[in-house]
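Hi,

Here is the structure I promised to pass on. Please open it first, then read my notes on its aromatic rings below.

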Amino acid sequence: QVHVVESGGGQVEAGGSLRLSCAASGSTHMINAMGWYRQAPGKSRELVALFTHSGRTIYGDSVKGRFTISRDNANPKNTALLQMNSLQLEDTAVYYCAAGRGCSSFRCYEQYYGMEYWGEGTQVTVSS
């Protein structure tokens with residue numbers, strides 16, 4: 001089993017920055033892909049950024065150029081850091097870290113196929 005834990009959420013004013021952290025533990029040999037999704041009230045869960053099973057990084061269209069996913073150098077395979085800059089009101093959501101065997105296309109990651117393990121989520125609130 002894989003255990004995924006997020007940290008770093010909070011409240012920030014529009015234009016500000018936050019950094020989220022995620023670490024996986026347990027049977028981490030089962031992880032090929034790892035990254036972030038978010039869900040705003042009344043909306044479906046959407047892809048934010050992740051490392052694919054082939055080692056690429058992919059981003060949702062709404063965060064490109066503002067958010068950056070990276071690894072913790074102390075534990076690169078089992079961590080995912082999300083630096084969020086130029087935050088907008090529309091970025092308010094619960095952010096979930098996910099990990100799993102991965103899948104074969106951007107579209108399937110958008111629908112979180114192959115992402116079997118999820119954290120409990122961390123709230124990010126952007127205020128005006």
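**Arginine and aromatic rings**

The charged end of Arg-45 sits over the ring of Trp-118, 4.7 Å from the ring centre. It also sits over the ring of Tyr-96, at 4.1 Å from that centre. Here "over a ring" means that NZ of Lys or CZ of Arg is within 6 Å of the ring centre and within 35 degrees of the ring normal.

A word on the source. This is a predicted model: local features need pLDDT of at least 70, side-chain atom pairs count only at pLDDT 80 or more, and totals for chains, interfaces and linings use all residues. Residues are numbered from 1 along each chain as its sequence is written, and side-chain values use heavy atoms, with hydrogens and water left out.

Now the ring pairs. Rings of Phe, Tyr and Trp (its six-membered ring) pair if their centres lie within 6.5 Å; planes under 30 degrees apart are stacked, over 60 edge-to-face, the rest tilted. That rule gives four aromatic pairs. Tyr-37 and Tyr-112 are edge-to-face, because their centres are 5.7 Å apart and their planes are at 90°. These two residues are 75 residues apart in the chain.

Tyr-37 is buried, at 0% relative accessibility. Buried means under 20% relative accessible area, exposed over 50%, partly exposed in between (1.4 Å probe, protein chains only). Tyr-112 is partly exposed, at 36%.

Tyr-37 also pairs with Trp-118: the centres are 5.1 Å apart and the planes at 45°, so this pair is tilted. Trp-118 is partly exposed, at 26%.

Ring pairs join Tyr-37, Tyr-96, Tyr-112 and Trp-118 into a cluster.

Best wishes

Notes. Helix = DSSP H or I, 4+ residues; strand = E, 2+ residues; numbered from the N terminus.
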